[in-house]
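User: I would like to learn how to read local features in a model like this one. Please take me through them one at a time.

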Amino acid sequence: MSTTAAALHDHHEPQLTGIKRWLLTTNHKDIGTLYLWFSFIMFLLGGGMALIIRAELFQPGLQIVDPQFFNSMTTMHALVMIFGGVMPAFVGLANWMIPMMIGAPDMALPRMNNWSFWILPFAFAMLISTLFMRGGAPAAGWTMYAPLVLQTGDAFPFMIFSIHLLGISSVMGAINIIATVLNMRAPGMSLMRMPLFVWTWLITAYLLIAVIPVLAGAVTMLLTDKFFGTSFFNPAGGGDPVLFQHIFWFFGHPEVYILILPAFGVMSQIIPTFARKPLFGYASMVYASASIAFLSFIVWAHHMFTVGMPLAGELFFMFSTMLIAIPTGVKVFNWVATMWRGAMTFETPMLFAIAFVVLFTIGGFSGLMLAITPADFQYHDSYFVVAHFHYVLVPGAIFALIAAVYFWLPKWTGHMYSEALGKWHFWLSAVSLNVTFFPMHFVGLAGMQRRVPDYALQFADFNAISSVGAFIFGTSQLLFLYLVIKCIRGGPQASARVWEGAHGLEWTVPSPAPAHTFNTVPDSEVIRRETLA
Amino acid sequence: MSAVKTNYYVPHHTAWWPIVGSAGLTGLLVGASMILNGASTGSYILVAGLLITLLMMFGWFGTVIRESISGLYNARVDTSFRWSMIWFIFSEVMFFAAFFTALFYARAYSLPWLGGMGKGVVTNELLWPAFEAMWPSNGPANIGGAFKVMGAWGIPAINTAILLSSGVTVTWAHHALKADHRRQLILGLALTVILGFTFVALQADEYIHAYSELNLKMTTGIYGSTFFMLTGFHGFHVTMGAVMLTVILLRCIKGHFSPDSHFAFEAVAWYWHFVDVVWLFLFIFVYWF
């Protein structure tokens, strides 16, 4: 690696080493690596919080933590996983892959790229420090509904400001991705030849810059309501707590597509590779992604069916929500059609991808059930909701991330990972996550409420099963950590193409990818060959 | 691969500014949090954080200006800057949208419901039977006490004229820059800066008037909340814009820009038009109707 990288370096530029390399880097690959490791640490932290929750819920009654701390754990688990785990992980993938996929020398704004990452550790230091503050960490849920959240102790302003910092990081990251995709494509890489991962990230970046500032506004209003006497969410002054929910979910619903659209992109790279067929319906995939993004702006109040909206609102948001099933169905259909009569092999990335298609679809169907307003009156705030969104996030977003790591790890490290360990990781994860989350459907439909540390005795068996599954799932991820470290340190040499059926510019550069790729513009004939439109 | 070098400027490594900026912003916000929690030591941390943030801005912008002048940025880099500025401004639009939503929601839904309209019948009957919805309002509990409304046709109308004129003067300056008329450029830009700071001064005067004579405060129910948050954030953006224009004016005087290469000027002009447009919405929906 060092010889190739050195050859591509300009001679007068010194190579930084040690900690300075990581603090001062402008290299999209280094920054991508930072994002990915940071998010993995956050996954372990958020996962640890999830295991505290599952340990408490192993039996009915209060045994391990007190209820306030339990509520802090549900709140912090969500904030850490969403803002520290899934989002930075996908930005890490974007950093690593987008420049290589479109034939660009780096991201459009390399210095700002560095800052986008280096805000995150500071923001999370602020957020996590609240665990040790008077009044404990935020405990009103990650949705921060007023007026409950206004009872938070010293943690309150730290939580608000850390969200502001995370927002600055996200908006800068999104702007960088948009500028890169719109401006840095190699000649011949037309928009409709871009890999689907680039397309879904471009659309995600637009969602980010449209809704993250709205979240910033919402939490700013919380801050002024608590400390400066404003009445945004106080009916006595003419405001309305429901207003917070509207503004929050105007952010929150596009946010869930921010978490899943890049995952759709990853799937659209992996499935054609191992089916050895071009992606079925490329253009329809692009249009479906854009439709999902558009619809995500007009469905937000399906999170608030029981809050007491006028009937017209309930109906509008029910039907608009159901519309999302159409473009999502297009995507699932296209993935299945891509596999149809393909010469399939089942390496670890493909196993995770197939599990994604099946299990994400389960989450999609439970989403449709929740979209039905009168039915949602029963499901609201029950464990059925918890089951639903964990099915779209764990075998959805997180399986896509894991699949992406297996898929591109040989390109990043130059070594093949251990396929045997990968398969162990897959089967342990796939089975244990269903053991964890599937019973939640049943206890939820039977009436068990979320965000409560105790429950009625009849839910005991299913909760015990869930907890056992959760601990197996959590432990399995340590196997993943071991596998990744082992792969970085050595292993069979990976070829440039890595996978027999892989297409795209990133597979035309050596493995490991040299520090600087596409300092010279790739040949347009290569682009035509690698991106079969 | 073909042999065409891309020539896109990628700094091999960055200076310490990003990490310094992170530390500065964190200090600023941790200090602010401590102050809000009643710990007086917070103010030292806040000031330190602010100073570090300002240092970062001087250092970082200085680096970019030096690189720009030494010709490291080609047309493609310029296009990256343009896309970034456009979408940054869009994100600012969405930030204001959150507060406009609060205003419209209060006027269209929450106040009428509190007054007994539609689904609010029972709330009104049980909690505040005497309350009748109207705008402006500080809510059924009369939060903040009796107040007077800020009229549209005094200072706000003058401020509208000022901001609209400043949009004209900055465009004049831009045309002068493109035509290489240095005197007109500096005059147009200086006028814009003066108009910008005049707006801020009049806005401050309006706030003093509101607090001392109208009993209109941030604590005046939903009217005071939306009024001060919308005009306050806008005023903050105008102040930032005026400071940015001042920097651009100084750079014009130093001769940093040429008729065909002056993106920094254009970015600030875009930003200035953005605060102008936001003001028009404020004038219409906060002051006028």
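User: Is Arg111(A) buried or exposed?

Analyst: Buried means under 20% relative accessible area, exposed means over 50%, and partly exposed lies in between (1.4 Å probe, protein chains only). Arg111(A) has a relative accessible area of 11%, so Arg111(A) is buried. The model is predicted: local features need pLDDT of at least 70, side-chain atom pairs count only at pLDDT 80 or more, and totals for chains, interfaces and linings use all residues. Residues are numbered from 1 along each chain as its sequence is written, chains are lettered from A and ligands numbered from 1 in the order in which they are written, and side-chain values use heavy atoms, with hydrogens and water left out.

User: Which residue forms a salt bridge with Arg111(A)?

Analyst: Start with the general idea. Side chains of opposite charge can pair when their charged atoms come close. A salt bridge here is a side-chain nitrogen of Lys or Arg within 4 Å of a carboxyl oxygen of Asp or Glu. Arg111(A) pairs with Glu67(B), and their closest N and O atoms are 2.5 Å apart. Arg111(A) lies in helix H5 (residues 110-129) of chain A and Glu67(B) in helix H2 (residues 42-69) of chain B, so the pair joins two chains. Glu67(B) is buried, with a relative accessible area of 9%. Helices (H or I, at least four residues) and strands (E, at least two) are DSSP runs, numbered from the N terminus.

User: How many salt bridges are found over all chains?

Analyst: The search of the whole structure gives ten. One of them links Asp154(A) and Arg134(A), with closest N and O atoms 3.1 Å apart. Both residues lie in the loop between H5 and H6 of chain A, so the pair ties together parts that are 20 residues apart in sequence. Asp154(A) is buried at 18% relative accessible area, whereas Arg134(A) counts as exposed at 59%.

Another salt bridge joins Arg21(A) and Asp30(A), whose closest N and O atoms are 2.8 Å apart. Arg21(A) is partly exposed at 30% relative accessibility. Asp30(A) is buried at 12%.

User: Which residues are linked in a network of salt bridges?

Analyst: Asp78(B), Arg82(B) and Glu266(B) are linked in such a network.

User: Now the backbone. Where is the cis peptide bond with omega near 5°?

Analyst: That bond runs from Ala146(A) to Pro147(A). Pro147(A) sits in the loop between H5 and H6 of chain A. In chain B, Trp135(B) and Pro136(B) are also joined by a cis peptide bond, with omega about 0°. Pro136(B) belongs to the loop between helix H4 (121-126) and helix H5 (155-178) of chain B.

User: Which residue has a positive phi of about 55° although it is not a glycine?

Analyst: Phe518(A) does. Phe518(A) is placed in the loop between H16 and helix H17 (524-530) of chain A, and counts as buried at 3% relative accessibility. Asn142(B), likewise not a glycine, has a positive phi near 55°. Asn142(B) lies in the loop between H4 and H5 of chain B. At 41% relative accessibility, Asn142(B) is partly exposed.

User: How do I read helix packing, and what is the angle between H6(A) and H1(B)?

Analyst: Two packed helices are described by the angle between their axes and the distance between the axes. Axes are lines fitted to C-alpha atoms, for helices over the stretch in contact, and angles run from 0 to 180 degrees between N-to-C directions. The axes of helix H6 (residues 155-183) of chain A and helix H1 (residues 17-36) of chain B come within 9 Å and cross at roughly 160°. That makes H6(A) roughly antiparallel to H1(B). Angles under 35 degrees count as roughly parallel, over 145 as roughly antiparallel, 65 to 115 as roughly perpendicular and the rest as oblique.

User: Which residues make the nonpolar surface patch?

Analyst: Patches are made of residues with over 30% relative accessible area and no salt bridge; like charges are joined within 9 Å, nonpolar side chains (Val, Leu, Ile, Met, Phe, Trp, Tyr) within 5 Å. Accessible areas come from the Shrake-Rupley method with a 1.4 Å probe, and for residues only the protein chains shown count as cover. Trp427(A), Val431(A), Val435(A), Phe438(A), Phe442(A), Phe462(A) and Ile465(A) make a nonpolar patch of about 610 Å². H15(A) gives the most, with five residues. Val435(A) is in helix H15 of chain A and is partly exposed at 31% relative accessibility.
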